[in-house]
Amino acid sequence: GMPGSQELQESESENKLDGETASDSESKSEFGGSPPVPTSDDTPEVLNRALSNLSSRWKNWWVRGILTLAMITFFFIIIYLGPMVLMMIVMCVQIKCFHEIITIGYNVYHSYDLPWFRTLSWYFLLCVNYFFYGETVTDYFFTLVQREEPLRILSKYHRFISFALYLTGFCMFVLSLVKKHYRLQFYMFGWTHVTLLIVVTQSHLIIHNLFEGMIWFIVPISCVICNDIMAYMFGFFFGRTPLIKLSPKKTWEGFIGGFFATVLFGLLLSYVMSGYRCFTCPVEFNNDTNSFTVDCEPSELFQLQEYNIPLVLQSVVGWKTVRMYPFQIHSIALSTFASLIGPFGGFFASGFKRAFKIKDFANTIPGHGGIMDRFDCQYLMATFVNVYIASFIRGPNPSKLIQQFLTLRPDQQLHIFNTLKAHLVDKGMLGSLEDA
């Protein structure tokens with residue numbers, strides 16, 4: 001056919017995409033009216049046979065239940081394997097999410113015949129990952145980097161190398177522009193970048209939280225998972241009032257029930273975990289053994305303290321003081337965020353799916369949709385935890401300062417030493433060293 005007519009059809013289909021809202025039939029089927037195509041669910045055959053005599057609503061309940069338990073078990077196994085494996089898993093999840101979103105873009109814009117597009121998307125993913133992981137490695141494996149010559153050069157000019165890689169991709173994109181598809185190519189360019197922004201930066205933050213201490217990684221994620229499960233259960237048994245147009249299945253009952261359950265769960269989990277050093281200590285790379293060590297004096301956050309209960313509550317509870325970890329107070333903040341703001345990540349994803357008329361991001365996990373469907377809230381949560389640590393928890397880091405100090409020239413080191421000495425003598429914390 002003529003190129004003109006093709007362009008016309010394309011722009012028509014785009015207008016349709018924007019203009020139509022979700023039709024009534026779509027929302028009806030989500031409320032639990034009979035789904036039009038029974039064959040399209042991908043429940044494993046074993047489960048199908050076992051649950052054949054249940055109604056679709058209860059069947060969904062069991063499928064979700066079993067797979068949720070499986071995922072939680074998997075989560076614990078991963079945690080047991082330690083930080084390095086966790087980093088790998090985060091990376092895999094991130095790549096899978098990227099793949100799911102890019103594939104949607106691909107299908108929405110019918111961009112099968114776009115030259116180079118797939119290659120470029122993955123190339124950009126590679127660049128951004130190289131940049132972020134490089135920063136992480138130079139931050140946390142400082143000693144290792146200083147020891148190995150090629151690594152040292154790479155880390156010294158890290159930003160420049162990353163940017164050069166990115167520019168290469170950018171120039172490739174400009175060279176790949178084709179007259180017929182300009183608009184489409186820029187759509188996809190934007191699509192790739194927004195996806196990178198959402199997926200990669202956030203997963204990088206998750207890794208930062210991990211190095212701050214495993215507990216900062218486990219508690220928030222468990223809170224989000226708990227809120228998901230509890231909201232689903234409360235909604236399943238007591239749900240009456242719909243919460244938001246975007247997700248017809250979400251109810252106020254589930255929302256509120258999930259909130260209280262999550263706060264309780266967060267308090268309990270953080271109480272149990274604060275007792276173990278392997279969770280509370282920052283993950284550090286030990287130069288002598290060439291492995292990760294998670295051992296330290298636990299900070300004040302993880303030492304039991306007496307708290308006075310407010311007078312109002314004293315009459316109700318009957319105790320005057322309560323012994324708890326300061327971290328538990330922070331955990332209330334985390335679980336509140338997970339249950340009040342967290343779901344908005346989910347609504348955002350729902351709206352996104354509605355916009356492009358898709359049921360789920362992919363069919364990776366039966367009964368749950370794609371990995372992206374499960375991680376929409378996690379990404380929001382990771383950012384929150386990172387900001388929370390930076391604002392309320394983390395102080396200056398002495399070991400990092402000393403490492404930077406040791407990279408200076410000898411005369412600079414001496415200068416700093418003398419300044420520090422003078423300062424300490426002034427304060428009277430150090431006897432004058434004239435006689436020594």
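Q: How do the residues lining the second largest pocket divide into nonpolar, polar and charged?
A: This is a predicted model, in which local features need pLDDT of at least 70, side-chain atom pairs count only at pLDDT 80 or more, and totals for chains, interfaces and linings use all residues. Residues are numbered from 1 along each chain as its sequence is written, and side-chain values use heavy atoms, without hydrogens and water. Ala, Val, Leu, Ile, Met, Phe, Trp, Tyr, Cys and Pro count as nonpolar, Asp, Glu, Lys and Arg as charged, and the others, Gly among them, as polar. The lining divides into 15 nonpolar, 10 polar and 7 charged.

Q: Which residues lie nearest the centre of the second largest pocket?
A: On a 1 Å grid over the protein atoms alone, a pocket is an open set of points with protein on both sides within 12 Å along at least five of seven lines, while a cavity is a set where a 1.4 Å probe fits but cannot get out; lining residues have an atom within 4 Å of a point. The second largest pocket has 32 lining residues. Nearest its centre are Phe211, Glu212, Pro282, Glu284 and Asn397.

Q: Which element gives the largest share of the lining of the second largest pocket?
A: Helices (H or I, at least four residues) and strands (E, at least two) are DSSP runs, numbered from the N terminus. Elements giving two or more residues include helix H6 (117-140), helix H10 (182-211) and strand E1 (284-286). The largest share is 4 residues, and it comes from H18.

Q: What is the volume of the largest cavity?
A: Grid points are joined across faces, edges and corners, and a volume is the space filled by probe spheres set on the points. The count comes to 2 cavities of 30 Å³ or more. The largest holds about 100 Å³.

Q: Which elements give two or more residues to the lining of the largest cavity?
A: This cavity is lined by 13 residues, with Phe117, Leu120, Phe173, Gln185 and Phe189 closest to its centre. The lining has 9 nonpolar, 4 polar and no charged residues. The elements are H6 and H10.

Q: Which helices each supply at least two residues of the lining of the second largest cavity?
A: This cavity has a volume of about 60 Å³. Its lining includes Asn209, Trp216 and Gln378, and divides into 8 nonpolar, 2 polar and no charged residues. The helices are H10, H11 (215-238) and H17 (371-393).

Q: How far apart are the end C-alpha atoms of residues 327-349?
A: UniProt, in an unreviewed entry, places the feature "transmembrane region" at spans including 213-239 and 327-349. Its positions are given in the numbering used here, feature names are shortened, and annotations may be inferred rather than shown by experiment. Residues 213-239 are 89% helix and 0% strand, with ends 37 Å apart. Residues 327-349 are 96% helix and 0% strand, and their end C-alpha atoms lie 31 Å apart.

Q: What is the relative accessible area of lysine 357?
A: Lysine 357 lies in the loop between helix H16 (342-355) and H17. Its phi is near 55 degrees, a positive value in a residue other than glycine. Buried means under 20% relative accessible area, exposed over 50%, and partly exposed in between (1.4 Å probe, protein chains only). Lysine 357 is partly exposed, at 39%.
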